[in-house]
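Colleague: I am new to reading models of this kind, and I would like to go through this one with you slowly. Could we take one packing contact at a time?

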Amino acid sequence: MPQVRANGIQIEYDTFGDRSDRPLLMVMGLGAQMTAWRREFCEQLAATGHYVVRFDNRDVGLSEKIDAAGVPDIAGMMMKAAAGEAVSAPYTLDDMADDAFGLLDALDIERTHICGASMGGMIVQAMAIRAPRRVKSLTSIMSSTGNRDLPPARPEAMAALLSPPGKTRDEMMTRAISVARTIGSPAFPATEDEIRERALEAFARSFYPMGVARQMAAVAAHGNRKPALEQLALPALVVHGQADPLVPVEGGLDTHAALRGSKLLVIDGMGHDLPRAVWPQIVAGITALTTAAG
């Protein structure tokens, strides 16, 4: 897969579809590599007229690691954020949004449709706020506005997220199964073999838990995007699982309320993942949005 220099760092990316089709930038969530946008999912989007670009965020996968920043005190940051206090982080979601714009510049894409999942949804929100002229449409999946008044993650989901990453492949595998069982979709459960296969693929490609801590700090430091989102006027789709225990559905509803005229797709039985069974609904929703937006 190719790399480019973007916003001062190396970014790993790949593409699907015809360059002459509607550009669609896909931004993944906390600690997730671009391969979490499954190849078949990207191919389905390409088949509906999109030039799909997926990439590894900074500090994950094969993109550049910000080692010099050290490991932040996540517990302390989360306590400050929950109390409404200012949080200092090695970088913020705005920096990650600028990484994405840098990638688009390197690919000579001036305006694009953008789609993000979880933290990726927060990043594409930041992109639209920072440079709305460059955004044709926005899709926010299982994400939120950063509004501190929203319900928090369920305790078991937060405990899974903050659980030690493990030091060996077997420990990582055990954790991956536990996390998937805790935050995944109750109506569309993945088999243990599927979870193992995806976890092994991710582990073999890159295992870098320090980057996850810095990305968590970036989320905690970004604050409430709702007032800025309310000022936007752009085509948007909000997708959320009714059964999401990590980012409760209220986060999606708040995003929908903030983005004037946005479409809302709430999927019964979907948790904080992207099960294959819901791909047709999501692909159809994105395609309808981008087709209407041009």
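Modeller: We can begin with two helices, α3 and α8 (residues 209-222), which pack at an angle of about 115° with their axes 8 Å apart; an axis here is a line fitted to C-alpha atoms over the stretch in contact, and angles run from 0 to 180 degrees between N-to-C directions. This is a predicted model, in which local features need pLDDT of at least 70 and side-chain atom pairs count only at pLDDT 80 or more, while totals for chains, interfaces and linings use all residues. Residues are numbered from 1 along each chain as its sequence is written, and side-chain values use heavy atoms, with hydrogens and water left out.

Colleague: How is α3 oriented relative to α8: roughly parallel, roughly antiparallel, roughly perpendicular or oblique?

Modeller: The two helices pack at an angle of about 115°. Angles under 35 degrees count as roughly parallel, over 145 as roughly antiparallel, 65 to 115 as roughly perpendicular and the rest as oblique. Therefore α3 and α8 are roughly perpendicular.

Colleague: Which residues of α8 are met by Leu93, Asp94 and Met96 in α3?

Modeller: Contact means heavy atoms within 4.5 Å. By that criterion, the three residues named from α3 meet four in α8, namely Gln215, Ala218, Val219 and His222.

Colleague: Where does Ala100 lie, and is Ala100 buried or exposed?

Modeller: Ala100 belongs to helix α3, which covers residues 93-106. Buried means under 20% relative accessible area, exposed over 50% and partly exposed in between, with a 1.4 Å probe and protein chains only. Because its relative accessible area is 0%, Ala100 is buried.

Colleague: Which residues does Ala100 touch, not counting residues up to four places away in sequence?

Modeller: Along the chain Ala100 is 93 residues apart from Asn7, yet their C-alpha atoms are separated by 8.3 Å. With residues up to four places away in sequence not counted, those that Ala100 touches are Leu25, Phe55 and Met127.

Colleague: How many bridges join β1 and strand β2?

Modeller: Two strands pair if DSSP finds at least two bridges between them. Strand β1 covers residues 3-6, and β2 covers residues 9-16. They pair in the antiparallel sense, and the number of bridges is 4.

Colleague: Which residue in the hairpin of β1 and β2 takes a positive phi?

Modeller: The hairpin has 2 residues between the strands. The phi in question is near 55°, and the residue that takes it is Asn7.
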